[in-house]
Number of protein chains: 2
Amino acid sequence: MKLTEFGYIKWIQSRLGKKSKDVLVGSGDDAAAVHCPKGHILLATTDTIVEGIDFEPSRHSSRKYSGFATRIRPEAIGHKAVAVSLSDIAAMGGCSGPLYALITAALPKRLANPAFGHRLFNGMRRLCKRFNCRIIGGDLSSTTGPLVITSTIFGFSDKRKVIKRSGAKDGDTILVTGKLGGSILGKHLSFTPRLKEARYLNRKYKINSMIDISDGLIADLNHICRASKVGAILDEEKIPISGAARRMTGSVIKHALYGGEDFELLFTTTLDEANEIITDRNLTTPVSIIGQIGEVNGIYLKNGNRKMKIKPMGYTHF
Amino acid sequence: MKLTEFGYIKWIQSRLGKKSKDVLVGSGDDAAAVHCPKGHILLATTDTIVEGIDFEPSRHSSRKYSGFATRIRPEAIGHKAVAVSLSDIAAMGGCSGPLYALITAALPKRLANPAFGHRLFNGMRRLCKRFNCRIIGGDLSSTTGPLVITSTIFGFSDKRKVIKRSGAKDGDTILVTGKLGGSILGKHLSFTPRLKEARYLNRKYKINSMIDISDGLIADLNHICRASKVGAILDEEKIPISGAARRMTGSVIKHALYGGEDFELLFTTTLDEANEIITDRNLTTPVSIIGQIGEVNGIYLKNGNRKMKIKPMGYTHF
């Protein structure tokens, strides 16, 4: 069965749920209109995922890591499309109220069927629902190439509570949520954006800088360091390694340092706050202290007496 | 020369201009942050353009209309990517303050060179500047397929001043800016979004419903009719025909009715307001009265004594 453009849009609109009071104009007009709460600022982010680069629609295989191939569910693609942007909102410290999503897809003809289209959307909707994110518009297009999905997510936040990359201070402790490495084995498609954790940390603690790990621990720590004009020393033994990283061939620590797409939160705060955070029982996601910000030039990896400077490599698209 | 991902981002960032007071966080963090003016609502829209569907990067040729082939400039692609979204904001009646843009591109390797990348961005920036639209973020990706660009544009508007598709009333006069048809000959790439006109009309008159013509006059009028639960009667002789539509082979009126991508404003208001609008000397863009909203079922085309029902066909992606 073929999926028609207007048929698909109608089907999606019928599943967007009842209009909420904050949404003045939802899907079906030229633009969406949303109520702005008083004294807030708007946070907005956009991300594109591309078939063959960020996911493989029928079979997922990695050129880097052999021996791995599995079917990918359309829901997982929809999930990832939205999750990457939600993760960016988390990295800013999250929003106070609901979130809003605009989603576009350039759909190849071979995927313009209800089986794929409906499941793709279901994957988006399920994750959006979980984080009180309302899909309020989008755009559908066709393509002769791979599937391309762009999600734009925005919401409102207290101005004083926006956590930037540039706030890391000399002496700050570096922390990370969850475990790192090996996301290519599945987590990069199914990860939970750390919105809940970000909001909680932002409300209860004074977080100086934060980023989500998409390019890799080192590459993203480097983004913090450059924006904050500081350096960092990581403690190799304290970096939390995922089971997936251990199952992969090659150096386990390298997977954790450079793997990318962990979508965990990397952040800095004072040592006192850091010590409170790692013993905070309200945080069900584990948080680890992995190093310290310092006035060094670049990023160093420490292991006992050994200390070596490491290159801020990460994934690059071209 | 190759364009690297981070090199391109750096180059773009160096050209985004000084940060303005309303932008708290611009390009270079996980999300952008923008000041919300008091008592306003947020208008947001997103559009995707795809190489081979919405434009051809090296040669532009149409399967529908033969005898036409010309080189397309990268600036024109950038222009169109942003213009389509600006046109959507116009169709809602425009915003009061500055606009903001988030732009993503999935760039094929063959186009990842400075000659293309820089000129693509210049086309976006030039149009954004003209309409006080600040580019505050985006995402770059690679693709094995055609170039895909998504622009998301938002801004703030007075709540009472949002013009929806659903406000057309029985007896309303139907008006359109500019001239219609034949945009495939060039206008679809170089058009000026009718933001200035929309803002002026919205400020000075009581516009009941509005849309921008992207799918074609009939298809978009049908969107207004369905959203407003009304019908329409168009006066064939009053439809403003572009010179391009006349130069094309085939029925001239069909090009004007179904051509699409005119990106003119189609709107309805009372007859009194309509008569004032068409003689308003402050409007430098011509505005024409082309018909009337009525409680008929569907859309009719009238020419002298002839009156026939017409099908709301338009471009569909799949």
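**Figure 1. Salt bridges across the interface of chain A and chain B.** In this predicted model, the rule finds 4 salt bridges between chain A and chain B. A:Asp30 takes part in a salt bridge with B:Arg165. The closest N and O atoms of A:Asp30 and B:Arg165 are 3.2 Å apart.

**Figure 2. The side of chain A that touches chain B.** Strand β3 of chain A, residues 40-50, gives the most to this side, with 10 residues. Sorted by class, the side of chain A that touches chain B has 34 nonpolar residues, 19 polar residues and 15 charged residues. In total, 68 residues of chain A are in contact with 68 residues of chain B.

**Figure 3. Area buried between the two chains.** The size of an interface is often given as the accessible area lost when the parts come together. Chain A and chain B bury about 5,400 Å² between them. Carbon and sulfur atoms account for 59% of this area. In chain A, the residues that lose the most area to chain B are A:Asp30, A:Leu42 and A:Phe318. Together these three make up 17% of what that side buries.

**Figure 4. Strand pairing between chain A and chain B.** Strand β2 of chain A, residues 32-35, pairs with strand β3 of chain B, residues 40-50. The pairing is antiparallel and runs over 4 bridges. A:Val34 stands opposite B:Leu42, which lies in β3 of chain B.

**Figure 5. Chain A as a whole.** Chain A has 9 helices and 15 strands. The radius of gyration of chain A is 20 Å, close to the 20 Å that the globule rule gives for 318 residues, so chain A is as compact as a globular protein of that length. Along its principal axes, the C-alpha trace of chain A spans about 65 × 55 × 35 Å.

Key:
Residues numbered from 1 in each chain as written. Chains lettered and ligands numbered in written order. Predicted model: local features only at pLDDT ≥ 70, side-chain atom pairs only at ≥ 80, totals over all residues. Heavy atoms only, no water. Contact = heavy atoms within 4.5 Å. Buried area = accessible area lost by both parts, 1.4 Å probe. Salt bridge = Lys/Arg side-chain N within 4 Å of Asp/Glu carboxyl O. Helix = DSSP H or I, 4+ residues; strand = E, 2+ residues; numbered from the N terminus. Nonpolar A, V, L, I, M, F, W, Y, C, P; charged D, E, K, R; others polar. Pairing = 2+ DSSP bridges. Rg over C-alpha atoms; globule rule 2.2 N^0.38 Å.
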